[in-house]
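Okay, everyone, thanks for coming. Let me put the structure up on the screen, and then we'll walk through it together.

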Amino acid sequence: SMLQELKQRLTAPGGRIEQTFAYLDPQSALDYFTMANEPRYVTSYRNSMPIEQVAEKVIESIGRLPIDLIALGPGDGQQETRFAQALVGMQSEPDLRAYLLDISQPLLSKAHRYAKDRLDAIRGVTVIGMWGNFHYLPLYEQIFYSPARRRRIFTMLGFTLSNLDNEPMFFRDCLKSAEPGDLAILDFMIAFGSTEHPDEIRA
């Protein structure tokens, strides 16, 4: 149905494509994967992210509570897996559920396999792949229901935040099921300079 909606938007006059649709087809997913794994991109953006320091701050904040890591739009899942590894490495007794929620089936498959390969052998860690649209996050009850007290950490890594049409609306509507004490880990770029002079922004 999503592919059908994309087709309707592309063929309609004045149609506007929301960023989510960019990852539905396998070719678009492959293009993203190829770009995100280019050596220059990895060096500039992935390796420079202070994942371990962020994990350390998170553990300082939540203490020994079990963790539900909810990765929104994880792409190939490499940053989210690295973050999960850092978190469980700092837990005295690992207790982490990693939810990978992505609208792209090809990318979700890649992320799920990557995470399972690196986390499955760790006792107390569960990896769950979920095909869905994080714009409808409150509908996924399995993420929010837990009879035991667990601390939720929502992540949007890989500059996913910049793909949103309306950031305040997303936090107001899509994260309304979050509770006090839940955390959000986001990365985004701030550009200084005119859009007419991209060299200034890159500098």
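Let's start with aspartate 68 and arginine 97, whose side chains meet in a salt bridge with N and O 2.8 Å apart. By salt bridge I mean a side-chain nitrogen of Lys or Arg within 4 Å of a carboxyl oxygen of Asp or Glu. Aspartate 68 sits in strand E1, residues 67-72, and arginine 97 in strand E2, so this pair ties together parts that are 29 residues apart in sequence. When I say helix or strand, I mean DSSP runs numbered from the N terminus: helices are H or I with at least four residues, strands are E with at least two.

Is aspartate 68 buried or exposed? It's buried, with a relative accessible area of 2%. Arginine 97, on the other hand, is partly exposed at 21%. The cut-offs are these: buried is under 20% relative accessible area, exposed is over 50%, and partly exposed is in between, using a 1.4 Å probe and protein chains only.

Before I go on, a word on where this comes from: it's a predicted model, where local features need pLDDT of at least 70 and side-chain atom pairs count only at pLDDT 80 or more, while totals for chains, interfaces and linings use all residues. Residues are numbered from 1 along each chain as its sequence is written, and side-chain values use heavy atoms, with hydrogens and water left out.

Arginine 150 counts as buried, at 16% relative accessibility.

Another one of them is between arginine 82 and glutamate 52, with the closest N and O atoms 3.2 Å apart. Arginine 82 is in helix H5 (residues 78-90) and glutamate 52 in helix H4 (residues 51-62), so the pair ties together parts 30 residues apart in sequence. Glutamate 52 is partly exposed, at 36%.

Now take the next residue along, arginine 151, in strand E4, residues 151-156. Arginine 151 is buried yet has no salt bridge, and the nearest side chain of opposite charge, aspartate 182, is 4.8 Å away. For charges, Lys and Arg count as positive and Asp and Glu as negative, while His and the chain ends aren't counted. What is arginine 151 in contact with, leaving aside neighbours within four places in sequence? The list includes Ser61, Ile62, Asp68 and Asp182. Contact here means heavy atoms within 4.5 Å.

A couple of other spots are worth a look. Serine 104 is in the loop between strand E2 (96-102) and helix H6 (105-119). At 0% relative accessibility, serine 104 is buried. Not counting residues up to four places away in sequence, serine 104 touches Tyr23, Ala29 and Trp131.

Then there's phenylalanine 159, in the loop between E4 and helix H8 (167-174). Phenylalanine 159 has a positive phi of about 65°, although it isn't a glycine. Most residues other than glycine have a negative phi. Phenylalanine 159 is buried too, at 16% relative accessibility. For contrast, arginine 113 in helix H6 counts as exposed, at 62%.

Let's zoom out to finish. The protein has 9 helices and 5 strands, and from the N terminus on they run α-α-α-α-β-α-β-α-β-α-β-α-β-α. With 203 residues, a compact globule would have a radius of gyration near 17 Å, and the protein's 18 Å agrees with that. That radius is taken over C-alpha atoms, and the globule rule is 2.2 Å times the number of residues to the power 0.38. The C-alpha atoms fill a box of roughly 55 × 40 × 30 Å along the principal axes. Of the 203 residues, 40% count as buried. And of the contacts with a separation of 6 or more, 75% come from residues 24 or more positions apart.
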